[in-house]
Amino acid sequence: IKEYKPSEIEKKWQDKWFEEDVFKSENKVEGKENYYVLEMFAYPSGKLHVGHLRNYAIGDAIARYKKMKGFNVLHPFGWDSFGLPAENAAIDNGAHPGKWTKANIDNMRRQMKLMGLSYDWNRELSTYTPEYYKWNQKFFIEMYKKGLVYKKKSYVNWCPDCNTVLANEQVEDGKCWRHGKTDVIQKELSQWYFKITEYAEELLQGHEELRGHWPEQVLTMQKNWIGKSTGSEVDFILDYKFENDGNSHLKLNDNGEVVISVFTTRPDTLYGVTYATVAPEHPLVEEIILKENPSIREAVERMINEDKIVRTAEDKEKEGVFSGLYVINPVNGEKVQLWIANYVLMDYGTGAVMAVPAHDERDFQFSKKYNLDLKIVVNPVDKNGNLEEVSVEKMENALVNSGVLVNSEEFNGLNSNEAKEKITEKLEKIGFGKKTVNYRLHDWLISRQRYWGTPIPVIYDEDGNIYLEEEANLPVKLPTDIEFSGKGNPLETSEEFKNVILPNGKKGRRETDTMDTFVDSSWYYLRYLDSHNDKIPFKKEDADNWTPVHQYIGGIEHAVMHLLYARFFHKSLRDLGYVDTNEPFKRLLTQGMVLGPSYYSQNERRYLFPREVEMKDGKPVSKETGEELATKVEKMSKSKNNGVDPEEIVKEYGADSSRVFTLFAAPPEKELEWNMNGLAGAYRFINRLYLLISSTADFADKNATKENNYGINLDARSEKDKEIQKKLHQTVKKVTDSIEDDFHFNTAIAAIMELLNDMTTYKQNVIDKNDISSESKKVWHEVLEKVILLIAPFAPHVADELWSDLGNTTLTFEEEWPAFDEKLTVENNFNLVLQVNGKVRDMLPAQIGISKDDAEKLAFSSEKVQKFIKGKEVVKVIVVPNKLVNIAVKG
Ligand code: ANZ
Ligand code: ZN
């Protein structure tokens, strides 16, 4: 008997697959529908981790299944290979980032091949190559010409550890997304932006196309990030005689007065305004306030340097300073103080707020602290519609709910919603305001002060004027004559790169900022369609045929970064004429995290590796000291020493077992708890399947084929044949349904495990007893063929091995997905209960609809029944159809 040796089997089939390039795919196959399945490409950190293994096992199961279902499947892979770690490695050990990156890619590709993944490696791409980033530059230029790229000076997020600016999306709770402990600080810099806000509304509306196909959670996160608010803009006039020198950034009206526009979602509270506030970064502060009132400069600067997120947190104490100036409320002419406050952000709305302490909680707290007035203008109503009793003295919080207007002149008595409309109408009429929509989303800051990224194709002349690089000169390549000192942008150290001659013959200076690496990942799914084309990034026809990607798979951590940027980029490319579709990814699966047990030692104050731990009385203890350890199941990470190395796992158990375990242990979208017993269980399952099939393959009638339903005469089957064939068809149905139901591979594999149990019973009762008919042999061939094809998307190596053992010369993934016959899946047997004098003596399987005579005959044929009626007189036989036979005896 053959032994199951995964290492031999897997090597044999991988060699064949990759040498014969069987996963090569075409952009068009006559008569076949396209199916694009894509796992998020990888950052080449050096080694695969278990999260990768899971992601790729899911994607590969989908790719192989869809291929068997008859689709023309596209399943490529590539490398998101620009970014900080390569550059930091260069600083640490002097190797060029390209060298580090290439070595990592080579190693990870090798590891991926060990997993037997069905990628079409002909399409492989890597974003650090000039062949790729050339197109980032071309898109940048085209977007610039279309007004979708611009440069502006403002306060930006700076990570002192990354040594570069960050986009808002890369700041989480005030910390850097890469350096979870590093506070992001604010710097005033002139930077490049992509105008994602131009698409804010479309990005929101586009969710309708995705709803039901993307996790609702991701849509919600994007919705909140885009943060649409409807409200009004109200113009307050600054009570100040302004001398315009022509260089002002302030908004002025026809009379030369300074206009301070505020954004409010509550225009119904306009009569309750008791002061106004601007952000410390508001241009008014430098241009007028600090000139008039220089003593407050220190207070202003302190606010500017505060972290933006901390500064606006709800529980953060509000702070501010009176500007010394006043503004005029347009509806009642009231003059109110103008303050500078830390809770007002420059980059939301207009950077200025009309403060209504009676109805806004932040304003309420602020007014308490600084003793500012408070005026109730919206009276809450009880459930009967009567005005509630309110008093300014007793208020402990702002009255934030809507209600009925009071103290608001002609608007008194209106409810808040009516008042919002009417007051805004009035503002429009008198020319002091309008309805507006505001988004929390900001333009995407893409400049990075780092070397390892796409050079921005821009040159400046001596006066700082902007020149786009000419398209014929693309790609603008990264220079190699640079120094990685860890201080400043390395690109600044290349004189050759920096100094250029402009077309007009004058001296120019090249932009040394590079692009955010999220630019690279915003369109890579399109580049796979033609990854080696050096004339164009991809063909429009292909893009229209292959997008939106049918199934995208990756981590949820990208919800408001990559997944939002790619949607924006796709829409921009559409508007540049590159593609007709609106969305990049039709269906999104966000796989759950992989968790593993961690062991913490109080004494040593560190996490121990699993190999340092043993179990004592069911509790984990340190092998070395015997100390009992605190254990927790949590996300695998380097810092917790609770990761497992996929390569080691694959070496020890095989790729098939590793894949089956990760797919079986949890549905793809749920967390997966890594567990060695489970992995060993997957191995034992495949081993049993392998042994059973290879030891019984000889019994299968190889001439019976699927073309004529294996030539089985259904009426000539034995009961046992019927049973196993029924189980087989039920399993095919169950596996197919589970996969079609959001890829629930766990239930699919569980069904195959059940089938294997029944196959084992069949072997013992039929094959081992040599109770084999010519029908049995045909049935068995059907069983073997179909179970091999069912397992093929999950355990492709062993499937191909067994498939060839059956005498086939094809590969399983080139075969058709097995069919089932609904008729054969239904239960047609039941257990007939046999009683003697009302006592149950036996049970026998019988066909549903069995006649009374046949049921009686079956009852009398039972040995057990015989024992109880022997030598007695049968007085009566009662048959309850499809249930029982009762024999009454006497004597
Ligand atoms: C007056 C008012 C009265 C407000 C009231 C609220 C309640 P959302 O819903 O998030 O869009 N606001 C406007 N711009 C701001 C900025 N740059 N920094 C901080 N706060 C700002 O919030 C809109 C509300 O947030 C606006 O409506 C404004 O306060 C404030 F009873 O105006 B409101
Ligand atoms: Zn950082």
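How much of the chain over residues 632-674 is helix and how much is strand, and how far apart are the end C-alpha atoms? Over that stretch the chain is 42% helix and 14% strand, and the end C-alpha atoms lie 12 Å apart. Helices (H or I, at least four residues) and strands (E, at least two) are DSSP runs, numbered from the N terminus. This is a predicted model, in which local features need pLDDT of at least 70, side-chain atom pairs count only at pLDDT 80 or more, and totals for chains, interfaces and linings use all residues. Residues are numbered from 1 along each chain as its sequence is written, while chains are lettered from A and ligands numbered from 1 in the order in which they are written.

**Domains**
- The assignment, automatic or from a database, gives domain 1 (1-120 + 653-826), domain 2 (137-195 + 443-517), domain 3 (228-439), domain 4 (594-635) and domain 5 (829-890).
- Between domain 1 and domain 2, the C-alpha centres are 46 Å apart.
- Their contact (C-beta atoms, placed from the backbone, within 7 Å) takes 10 residues from domain 1 and 11 residues from domain 2.
- On the domain 1 side, helix α3 (residues 84-93) gives the largest share, five residues.
- That side divides into six nonpolar, two polar and two charged residues.
- Here Ala, Val, Leu, Ile, Met, Phe, Trp, Tyr, Cys and Pro count as nonpolar, Asp, Glu, Lys and Arg as charged, and the others, Gly among them, as polar.

**Around ligand 1**
- The shell holds 18 residues, and Ser229, Thr264, Tyr348, Gly349 and His359 come nearest.
- A residue is near if its C-beta atom, placed from the backbone, lies within 6 Å.
- Strands β11 (259-264) and β15 (352-355) each supply at least two residues of this shell.
- By class, the shell has eight nonpolar, eight polar and two charged residues.

**A helix pair**
- The axes of helix α1 (residues 6-19) and helix α25 (residues 796-805) come within 9 Å and cross at roughly 85°.
- That makes α1 roughly perpendicular to α25 (65 to 115 degrees).
- Ile9, Glu10 and Trp13 of α1 meet His797, Val798, Asp800 and Glu801 of α25 in this contact.
- Three of the contact residues are nonpolar, one is polar and three are charged.

**UniProt annotations**
- An unreviewed UniProt entry lists "domain: Aminoacyl-tRNA synthetase class Ia" at residues 441-595 and 632-674.
- Residues 441-595 are 21% helix and 18% strand, with end C-alpha atoms 33 Å apart.
- The unreviewed entry also lists "domain: Methionyl/Leucyl tRNA synthetase" at residues 39-176.
- Residues 39-176 are 46% helix and 19% strand, and their end C-alpha atoms lie 26 Å apart.

Note on methods. Contact = placed C-beta atoms within 7 Å. Axes fitted to C-alpha atoms, helices over the stretch in contact; angles between N-to-C directions. Parallel < 35°, antiparallel > 145°, perpendicular 65-115°, else oblique. UniProt positions renumbered as here; feature names shortened; annotations may be inferred.
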